[in-house]
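Hi,

Here is the structure I promised to pass on, and my notes follow below it. Have a look at the fold first, then read on.

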Amino acid sequence: MVSSNTSGTKMKSNLSRIVICGTDTDIGKTVISSLLVQGLNAIYWKPIQSGFKNGGDTNTVCKLLNLPKERYLPELYKFKAAVSPHWAAELEKKVIEPKSIRLPMSNQPLIIEMAGGVMVPLTRDYLQIDLLKEWMLPVILVAKSGLGTLNHSLLTIEALNKRKIPILGIIFNGELHKDNPKTIEQFGEIPIIAQLPRLRNLSAKSLAEQWLNQNLSIRLSNIIRDHVD
Ligand SMILES: Nc1ncnc2c1ncn2[C@@H]1O[C@H](COP(=O)(O)OP(=O)(O)O)[C@@H](O)[C@H]1O
Ligand SMILES: [Mg+2]
């Protein structure tokens, strides 16, 4: 099965579910997920949300893109405290059960935003990266563009590689940097998908402009094609 979107990006079914991981929290996963949800005409899903104030990331994406309800899925777990999911759950006397986190089937592309960085615990003996290993879905890594990203990005890539979790590429978020993308591409051996600058006016329109200006439909199609080959 091949699904397609209005802008012409075609994605094979095994690549129609993409996992958005960050090198850290607050790094731009929700903003980059919005960029991709809009550009790929995808469905958004944030299975585990801690720090659930103002509706969490799902609400942020829905407001930013003005998404109708068929374009997002409800969270499986949501906790009030803005701390690691394992502890946020404990504070509410709950436990995350990784086996209960089933991947939804969808005819449309699905963008799955993970919590924090890849090594955050979901329980006292289960890391988020263990779930990524179960899923084996292609990952897009979101990293900051500036100082500190070389170490965080290369460590994250190494952790994913060690578990043979496929990485589609990396998207940098923040002011364009002269050297970091080149260095991470070289040492990390993954493609640079895009570089999203800090947007003074963060909106569906400014994200759509970035999608077009950076030719992301074609760029992502090519990366997905190379990934499958
Ligand atoms: N490219 C950007 N331009 C403007 N604001 C941004 C950009 N990227 C992130 N932000 C802002 O930075 C904060 C953290 O981004 P977010 O996407 O929520 O990170 P994460 O999902 O990784 O925690 C948010 O307030 C978001 O609006
Ligand atoms: Mg987020």
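The axes, lines fitted to C-alpha atoms over the stretch in contact, come within 10 Å and cross at roughly 50 degrees. Thr30, Ser33, Ser34, Val37 and Gln38 in helix 1 meet Asp57, Thr60, Val61, Leu64 and Leu65 in helix 2 (C-beta atoms, placed from the backbone, within 7 Å).

This is a predicted model, with local features needing pLDDT of at least 70 and side-chain atom pairs 80 or more, while totals for chains, interfaces and linings use all residues. Residues are numbered from 1 along each chain as its sequence is written, with chains lettered from A and ligands numbered from 1 in the order written.

Now the sheet: seven strands form an open, parallel one in the order 6-4-8-3-11-12-13 (pairing takes at least two DSSP bridges). Its edges are strand 6 (72–73) and strand 13 (192–196). Helix 1 also lies across strand 8, at about 170 degrees to it.

Finally, 13 residues surround ligand 1, the closest being Gly28, Lys29, Thr30, Val31 and Leu199 (C-beta atom, placed from the backbone, within 6 Å). Helix 1 (residues 29–39) gives the largest share of that shell, three residues.

Best wishes

Methods. Helix = DSSP H or I, 4+ residues; strand = E, 2+ residues; numbered from the N terminus. Contact = placed C-beta atoms within 7 Å. Axes fitted to C-alpha atoms, helices over the stretch in contact; angles between N-to-C directions.
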